[in-house]
Amino acid sequence: MLCPRTQSTLKKINVGRVPVYVSEACGGVFLENQTLKQFECPRDERGEALVKHLRQFHTELNSLQHRVNCPVCDNTVMLRRFYSPLHVVEIDECPGCGGIWLDAGELEKLQSLMLNEKERALLRHDLMREHDTIEIKGLPHIRDNWHKRSDKVDAFFDIASYITNLF
Ligand SMILES: [Zn+2]
């Protein structure tokens, strides 16, 4: 399996028994379908271990705007999409196998958006108690979509974790 950015061989390692495919040339990583959720929480040992491992190889590449091919599927271009409703982090996803390619530093960015379960539960509790309706000022692009969201409470968590990480 080759790195879609540098064409070097991806190295398969197991992180907490989950296989991941690391590019030691650029610090990118390929994750099989449905395994990203094992690494998205920074407080989880697996997430922390993988970020530390990838940092050793972190390289700034010039051509990150180019589409990449899936390292598993022949001739399949991965689709660039936003990971969260806040449109902060973009990831590459294969329409064929559902695999995910993360460029150097993207896993860290993605982790920074996460709150842990306890924080989410506390926020949810406060929110349900204090707000019949939720109004967030100063984030017009989010407010525009507000009435389309079926789960306003979860949408609020996305915003809350984003704001928390700005400070
Ligand atoms: Zn694929």
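Author: The account below begins with the metal site and then turns to the sheet and to one residue within a strand.

The model is predicted, so local features require pLDDT of at least 70 and side-chain atom pairs count only at pLDDT 80 or more, whereas totals for chains, interfaces and linings use all residues. Residues are numbered from 1 along each chain as its sequence is written, and side-chain values use heavy atoms, with hydrogens and water left out.

The zinc ion is coordinated at 2.3 Å by the SG atoms of Cys70, Cys73, Cys94 and Cys97. Donors are N, O and S atoms within 2.8 Å of the metal (3.2 Å for Na, K and Ca); water is not among the atoms, so sites may look incomplete. Along the chain, the donors of the zinc ion follow the spacing C-x2-C-x20-C-x2-C. The arrangement is tetrahedral because the four donor atoms subtend angles of 104 to 115° around the zinc ion; for four donors, that term requires all angles to lie between 85 and 135 degrees. Cysteine 70 is buried, with a relative accessible area of 5%, and cysteine 73 also counts as buried, at 19%. Buried means under 20% relative accessible area, exposed over 50%, and partly exposed in between (1.4 Å probe, protein chains only).

The sheet is open and has six strands in the order E1-E2-E3-E6-E5-E4, with antiparallel pairing. Strands (E, at least two residues) and helices (H or I, at least four) are DSSP runs, numbered from the N terminus, and two strands pair if DSSP finds at least two bridges between them. Strand E1 (11-15) and strand E4 (79-82) stand at the edges; each has a single partner strand, so one side of each is left without a neighbour in the sheet. E1 pairs with strand E2 (residues 18-22) in the antiparallel sense over five bridges. Isoleucine 13 has valine 20 in E2 as its bridge partner.

Strand E5 (residues 90-93) contains aspartate 92, which is buried at a relative accessible area of 1%. The side chain of aspartate 92 makes a polar contact of 2.5 Å with the side chain of arginine 80. A polar contact is a pair of N or O atoms within 3.5 Å; within protein, one must be able to donate a hydrogen and the other to accept it, and residues adjacent in sequence count only if both atoms are side-chain atoms. Leaving aside residues up to four places away in sequence, aspartate 92 touches several residues, among them Arg5, Val68, Met78 and Trp101, contact meaning heavy atoms within 4.5 Å.

Terms used. Four donors count as tetrahedral if all angles lie between 85 and 135 degrees; four count as square planar and six as octahedral if opposite donors are over 155 degrees apart and all others between 65 and 115; anything else is irregular.
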